[in-house]
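Thank you for making time this morning; please bring up the sequence and the model on your own screens, and we will walk through them together.

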Amino acid sequence: MQSKMSLWNNALYKNLSRNIMFLTVINVICTFILVPFSYFMMDVEGTNNISKYIIGSASTSALYFFGTMMYAILCGLFITYFFKSQHASDFIHSLPIKRQEILSTIYGTYFIHALFNLVINGGITLIFGIKFTGINIEKMLIWIALSLLLHFFIFSLTILLGLLINNYLSHIISVIAILISPVIMGTLIYTTHMTMFKGLGSYPEQFLNEITIPVKFMEFVVSDEYNFTYLCIIFLISVVMIAASYVIYNKRRNERINEAYANNTIHLLIYFITILIVTLLGGLIFSALFNEMLIIAVIIYFISFTISYILMEMSAQKSVRITFNKKLYSASLLVVGFALLCVYASGLYREQFIPNEDNIKNVAATFEGEAALYATTSLLNDTKVSDPVFIKNVLKAHEKLGKAKKANYNNDQEVHNVHLKYTLNDGRVIDRNYDVYKKDYEHYIKSMNTEENKSILTKSLDLSNRVNDTISIQHEISDGSYTGEGLSKKQKERLVKVLEASIKNKAFSSKLEAGRSKYTITFDYENKNGTVYEAGSYDVPISLYDKDVIAFLKQENFIDKYSDLLPEGKVYELPKSTDLSFAASVDSIKDIKGAKKVERKSFKAIVDENKIDEEGNHLYLIDNAERTFIFVK
């Protein structure tokens with residue numbers, strides 16, 4: 001005889017087991033291939049990519065946990081078949097079984113099947129430990145615990161939504177949408193900000209990954225680093241969802257079994273969220289049509305809303321010809337309109353926000369030399385400066401950028417980018433990217449490119465962490481074609497010290513910037529933070545006046561003699577009084593008064609005699625794509 005307080009029913013367990021048995025068999029087979037059998041695959045491949053904490057190959061662990069999520073969703077979908085069929089629902093609920101007993105049996109059935117798979121494959125893996133290293137009971141138990149946690153979270157969410165949604169397709173779509181909703185909504189909101197406002201060109205990918213549990217969990221697996229606190233939060237959320245499922249199930253009305261949703265509140269909530277997402281997406285698609293035109297933006301969003309409303313009604317009414325409900329349309333417009341206003345207000349706040357000087361730990365800002373030598377490199381632009389004077393100057397420049405017109409790439413005007421990155425005392429990072437027209441860019445550079453700022457910036461330069469980059473010496477072998485040679489760790493350590501000292505000592509001398517050689521130092525870097533991957537390179541042109549760096553190139557046999565650094569092109573001698581800006585911009589050398597052609601061979605001999613000097617009395621020009629100016633004693 002069943003106890004009145006019983007939370008388990010054997011007959012129901014057998015019924016529910018039959019519904020997910022086929023999925024369990026597939027799960028057991030796939031787990032065997034991805035976990036125990038992965039040791040054989042590693043043995044054949046000659047690799048040893050083993051996790052520090054769990055059993056199995058680190059290469060297949062991500063696929064295993066992804067499969068675990070899919071298994072939990074599908075089981076949650078099919079084990080609750082009687083939530084979506086009136087005949088099955090009437091039969092199950094006519095039995096002398098209380099609802100808490102039914103729900104407990106659902107959870108128990110699923111976890112018996114999940115645990116069966118984990119014990120079988122965990123045991124097989126332990127047996128394989130006789131042959132393979134890196135397998136122990138501790139790793140197996142951690143693997144089981146992490147797997148059960150993921151089962152716990154995904155299955156409880158699927159059951160909770162199954163109690164609210166009476167349609168298979170809507171149920172599975174809603175589960176997936178909820179799981180990745182932070183990424184979906186965050187992407188739409190931040191992309192809207194990037195389109196409509198100035199300076200908001202950055203995307204907080206890491207933050208959105210942090211609040212999207214499946215993404216963050218997979219990040220733990222891929223990086224093989226786990227955060228115990230975060231895992232505890234997942235467990236607590238799962239417990240809350242299970243408790244909520246009992247409350248909702250006790251209040252669920254079977255009369256609505258043929259409706260799309262179990263109650264009107266959930267129906268309207270999903271309805272409004274879907275319309276909001278489609279409206280935001282529609283607005284972004286046509287964003288190019290309303291650049292900085294608010295009234296046009298409002299019209300576009302209104303049209304997007306109306307289209308999404310009609311599509312939702314077609315789906316709900318299951319007909320192309322719909323009955324137009326004015327009250328529902330008005331209510332939807334009011335809710336979505338309010339949400340769009342919140343999105344707009346948050347974007348406006350972010351656009352106008354400039355951190356307080358006292359709250360700033362350091363700042364990195366776009367900076368270039370007088371002859372734009374460093375305009376295409378970010379070694380200096382990415383240098384973090386904590387000097388109060390420099391920070392104050394950046395804040396002043398930031399205020400002016402906020403008033404500048406947002407540049408449009410669709411016209412013929414020249415557009416430049418200004419990047420500002422503040423690190424605050426509380427650890428937050430404020431990242432701003434301004435696309436501005438040439439006039440505003442020149443005003444910004446003029447305000448930043450002062451002797452005081454130059455001195456502060458170069459003193460703050462620290463290249464010690466660049467030793468971990470891939471550093472190579474590149475040089476031009478023909479017009480637009482380059483070749484390079486990588487540096488060893490010892491060479492990198494030496495070069496970084498020499499280069500940092502050189503930049504600090506020269507401090508942006510205009511003559512230094514004029515003496516561009518055909519050699520460049522290239523820093524290729526990779527940064528990986530969980531699933532967020534960033535890669536790029538910094539190019540630092542080597543100056544003909546930089547004797548310390550050139551001495552390094554000679555010592556390491558990158559060049560044999562000084563003249564190897566000279567760019568290709570015809571050589572001319574110019575009067576020392578020649579305006580370099582004018583000489584760089586004229587179409588023909590003939591337009592430069594007093595220019596005399598010089599034999600390249602004789603000029604190379606002068607260079608090899610070590611006569612290049614930024615304080616020299618003779619000025620030479622090498623006519624190439626960038627026109628190199630060289631002072632000689």
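Predicted model: local features only at pLDDT ≥ 70, side-chain atom pairs only at ≥ 80, totals over all residues.

Residues are numbered from 1 along each chain as its sequence is written, and side-chain values use heavy atoms, with hydrogens and water left out.

Let me begin with the charged pairs. A salt bridge here is a side-chain nitrogen of Lys or Arg within 4 Å of a carboxyl oxygen of Asp or Glu, and a search of the whole structure finds 12 salt bridges. One of them joins Glu 219 to Lys 216, with the closest N and O atoms 2.7 Å apart. Both belong to helix α10 (residues 213-223), and because they are 3 residues apart there, about one helical turn separates them; helices (H or I, at least four residues) and strands (E, at least two) are DSSP runs, numbered from the N terminus. How accessible are these two residues? I call a residue buried under 20% relative accessible area, exposed over 50%, and partly exposed in between, using a 1.4 Å probe and protein chains only. On that scale Glu 219 is buried at 4%, and Lys 216 is buried at 7%.

A second salt bridge brings together the side chains of Glu 568 and Lys 518, at 3.7 Å from N to O. Glu 568 lies in the loop between α20 (547-555) and β8 (570-574), and Lys 518 in strand β6 (residues 516-529), so this pair ties together parts that are 50 residues apart in sequence. Here Glu 568 is partly exposed, with a relative accessibility of 47%, whereas Lys 518 is buried at 16%.

Turning to helix α4 (residues 86-94), its buried residues are Ala 88, Ser 89 and Ile 92. They lie on the same side of α4, because the arc they cover around the axis is only 100°, the arc being that of the directions from the helix axis to the C-beta atoms. On the other side of α4, His 87 and Ser 94 are exposed.

Now the surface. Patches are made of residues with over 30% relative accessible area and no salt bridge, with like charges joined within 9 Å and nonpolar side chains (Val, Leu, Ile, Met, Phe, Trp, Tyr) within 5 Å. A nonpolar patch, with about 720 Å² of accessible area together, is formed by Ile 295, Val 298, Ile 299, Phe 302, Ile 303, Ile 307, Leu 311 and Leu 333. Helix α13 (residues 294-317) gives the most to this patch, with 7 residues, and Ile 307, which lies in α13, is partly exposed at 47%.

Elsewhere on the surface, Lys 392, Lys 396, Lys 400 and Lys 403 gather in a patch of positive charge. Lys 392 has its place in helix α15 (residues 388-403) and is partly exposed, at 39% relative accessible area.

Lastly, which residue is 94 residues from Gly 186 in sequence, yet 11 Å from it in space, C-alpha to C-alpha? That residue is Leu 280, placed in helix α12 (residues 264-285) and buried, with a relative accessible area of 0%.

Definitions and conventions. Areas by Shrake-Rupley, 256 points an atom, 1.4 Å probe, with all protein chains shown as cover. Lys, Arg positive; Asp, Glu negative; His and termini not counted. Charge placed at Lys NZ, Arg CZ, Asp CG, Glu CD.
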